Amino acid sequence: MAIVETIVGSILGSVLQVLFEKLASLVLEYAQRRAAPPFSGISTGLLNKWERMLVTIYAVLDDAEDKQLSSKGPVKLWLDDVRDLAYDMEDLLDEFAIQAAEVKSAAKPSTSKSWVNWKFSCFPRDKSSRSNPNPRSLMPETRVQEINDRLEEIVTRKAQLNLIENVVDRSNNTEKRLPSTSLPETQFFGREMEEAEMVELLTSVARNGNTSLCIVPIFGMGGVGKTALAQRLYNDPKVRRCFERRAWVCVSDVFDVLNITKTILQSVTRLSYEGKNLNDLQVKLKDSLLEKKFLVVLDDVWNEDYENWTALLKPLETGAKGSKIIVTTRNLTVVSLTRSSPYHLKELPLDNCTSLLAFHALGASNFEGHPDLEIVGKKIAEKCKGLPLAAKMLGGALCNERNPDKWEAILNNRIWETGKNDKILPVLKLSYVHLPSYLKRCFAYCAVFPKDYEMERDELVLLWIAEGFLDEQKTKEDILSLGFDHFDELVSRSFLQQSSVNASKFSMHDLLNDLAKSIAGGTCFSSGESQVTGNEDDASLEKARHASFITSWYVTSHCLRAYHEMKVLRSLIMVRVGSSEGTFSISNKVLHDLLTKLKYLRVFSLCHCDIVEVTNCIGELKHLRYLNFSYTNIERLPESIGGLCKLQALILRGCEKLSTLSPSITKLVGLRFLDIRDTGSLKEMPLGMDNLKNLIILSKFVVGTEKGLQLKELQNLTHLQGELSISELQRVEEVRDAVDANLSGKHGLSDLFLHWDENFEILQNAKSESQVIHYLRPHTNLKSLTISHYVGEIIPSWLDGPSYSRLVSLCLRGCPNVTSLLSLGHLPSLKELSLEGLHAIRKIGFEFYGGKRPFSSLKILKFEEMLAWKDWSHYVKDPEEEVPFSSLQHLVVRSCPSLVGTLPCRLDRLIKLEIHSCPHLDNSTSVVCLPSLRELYLEDCSKEILKSLVNLTSLTALKIENLTELVCFDPGFMRCLVKLKELHIGGCDKLNYLWHDGNETRNLTCLERVIIERCPRFTSFVVGEGEIELSCNLKRMELRDCASSLLAPHPRHPSDLHRWRSDPMK
């Protein structure tokens, strides 16, 4: 069967290509077996006829897509019908494949002839068919005829639309942009005047002396850069210095006062407030912001309800004078609620727009290096109409493109002129047209998510796999890596944006979400959005293929009535509203009634729901490829799950009450992804895990002692990659099991966690455990390794050497019998090293450092709870060798009570230093030079440690707790703290004063905050009764539980001291 090899630039091209492959496979299979085709009314000739008609449709899809983007009504209707037919044909073929697979798994034929006989034996037959076991009668002839009639009618209409065949795919001419050496987020062209005005507005004192809170609305059309400007202001150094507390909230079209309040509160307190009601949250927020100067950004506000707006403001009105709220919105009605004059953000000037376009297209700020592109480039910039988003997107589409003809094609594309009321989507659609065909379907699928939904990379890639969007047959990569590449490319083209709050999550800009919905058309549906909620009874919903449901706290059958009509739905994703961390409820009956209506589901996601059990009907969803019950209260899975023969991804992350996996799960031989992270109650695996030979992701394996539960079950799981946590390793009875597990043969593993039971400390097993861990040697591609509660005395020797050159993170936790460390300093890529609970370690000597560049990449180093550790020998280097820890930024030494001596003398790049409960550290005359240190935290240490730390010229935060012998700061120590902003001292029982005289405070010009608490002898800031003048930048001073006779200092400008509090001891 001839199949068109050139991929046209449309979603339908991908859909039809899948059909070609399935039809070809079907014909080939029955040709080889010389068997009758499986459907009543189908012949090989008919299958070939369908293929020929599909090829004629396939040839005109590119031209049809261009015309439907230009709002050509008949063409769009035709494409919609082609799409629906293609989906229905694929469902029909899948249904047959599922039934055939079920029969095949239930029988083991000995001959080819018996295969033909039993292959259809279990299919349901009507009464007449019982006497005629002809497999051709298994599928209704009317269904086949319906498909055939629709296909012929579509081909006839195609001829009437004058569509052109085999239009050149422009996406193939779009080159991928090379990485730039500059960070993209730092490229911000123009807006100098706007930014300066806004900074002045934010940092100035409100003119109205009776109002502590000032609201600053930024108003402008979509895509003009309101959010980008707000982010710029939020991170401006002058603005940051002006506010004690800051919070960013993405509001969007769901103005949920409870969730917005919770987000602000969590930002200012850094605490979680799960399950709190609105009253509790607002009272706590009011107290947290009391007399504090804060900045809150409410991004993308659509709310027009005055009551909701005033309810949100109640706890925010107690802040200090000068507090600000930035509101970004496209709606002037929203601005009127704030009773403030809006800052109207106009379009970007042409020269800045041209620079932005040039940067994203050519990596330069102008066209001087490319004069042949300057004229057409400026014309394209003009077409952007001053919208930074449009310039960025089009620049990405032209990334590194040097051919002027291609630039002319972008300029002259007709969809520039399609917008009458909407001036942005036509621009974004052009970027979509120039996406490679393999990305178009992946991007359009994102229409299923509501606006501002934040997704993880792995989540989206697994959904693409489940929907069949990734063609692993045409790549040498595994399917997961292919999906990651697709995802990264969408990010590089700005179709997906990294979250500003959580770096592991991504979202789409509102305008791109609108674009995806316009491309997906009626195939996607999302509840709770104004543009669709009024059409829940529309007949077009019957053709929806992908849907999300934005949940309320309790889901009823009434809420889901529209979904009951979506008979051919493929994806259903339950999405929580806003940023709430709570769960929602749905009864088993409501869920059962819904799922029994959706027989073609491929994707079902029900996360953060308080369900305890999974309805048994889940096993009837035979098309299901992706099932996600993460963060639910389920305790077990139903046995019926073993019937999901197409299931590829089972996600149970965060199911803390899950105690067992159904034994039938091992029947899912097609399962590729099993995510059971954070399932603390899961104590064993089901028997026969080695049946799941196609597993790519197995995040956790709990070792058992019975046959079929042992460590060697991992032997046949050769495709594993990503993260693997192996727990209960003390149950390994035969060292041979560790050998058979064959971790060294699993090339794709990047993160490995080896756990023994925390209470397993039987010393006579130490030798056995050493052998087990020796044979659990992973492949050298490993990037992260954690070993916890290992009772052996020796760290695995395979870590000693250059083999693990890619290892980035290493953690040894709770290994009480380990007596020595290997040469870990030779690991060239190691960035994080954590040693915790190694109670038998007494000395860290020269062998710890390794080669000539010891710990050259290390950024984070932690020593915690090492009770016997006494000696930290410093590295003695040759003249040609580098100092150790040359890149170290964060050092923690905690609960090492025996440690004596001093820290390494050269830590030039250290930014943060924490020393806790190390009373004997720095009992020496050595000094430690820390020119880059910004944060210093000392607790339960000797006061002598302060004398050894020198050159603290970059220090901004100093916190000292329980330095019981500290009486006063040494003059030399305080003299170098020229950038100190925050000073916090607590629990220093002998502290009498801070400085010997007032002269020592002259260098503290940046000091903004001073807190002294639980210092019962503290009576004065300087010796005697002298007076001092503190920094003019001082904004807050608190003295708690100090001497009652305390003499207060005098700030140079008392009006600038926003908070003075003194609570003497009672």
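Cys-242 is buried, its relative accessible area being 16%; buried denotes under 20% relative accessible area, exposed over 50%, and partly exposed the range in between, with a 1.4 Å probe and protein chains only. The model is predicted, so that local features need pLDDT of at least 70 and side-chain atom pairs count only at pLDDT 80 or more, while totals for chains, interfaces and linings use all residues. Residues are numbered from 1 along each chain as its sequence is written, and side-chain values use heavy atoms, without hydrogens and water.

Helix α9 spans residues 237–242 and contains Lys-238; helices are DSSP runs of H or I with at least four residues, strands are runs of E with at least two, and both are numbered from the N terminus. Lys-238 has 41% relative accessibility and therefore counts as partly exposed. Together with Arg-240, Arg-241 and Lys-981, Lys-238 forms a positive surface patch.

Cys-446 is buried, at 0% relative accessibility. The closest cysteine sulfur to that of Cys-446 belongs to Cys-442 and lies 8.1 Å away, which is too far for a bond. A disulfide requires two cysteine sulfur atoms within 2.5 Å, and by this rule the count is 0 disulfides. Cys-442 is among the buried residues of α19, as are Phe-443 and Tyr-445. Because 8 of the 9 residues of this helix (residues 437–445) are buried, α19 is largely enclosed by the rest of the structure.

Asn-616 is located in the loop between β14 (603–606) and β15 (626–628). With a relative accessible area of 48%, Asn-616 is partly exposed. Its C-alpha atom is separated by 9.7 Å from that of Asn-588, 28 residues apart along the chain.

Technical notes:
Patch = residues over 30% accessible without salt bridge, like charges linked within 9 Å, V, L, I, M, F, W, Y side chains within 5 Å. Areas by Shrake-Rupley, 256 points an atom, 1.4 Å probe, with all protein chains shown as cover. Salt bridge = Lys/Arg side-chain N within 4 Å of Asp/Glu carboxyl O. Lys, Arg positive; Asp, Glu negative; His and termini not counted. Charge placed at Lys NZ, Arg CZ, Asp CG, Glu CD.
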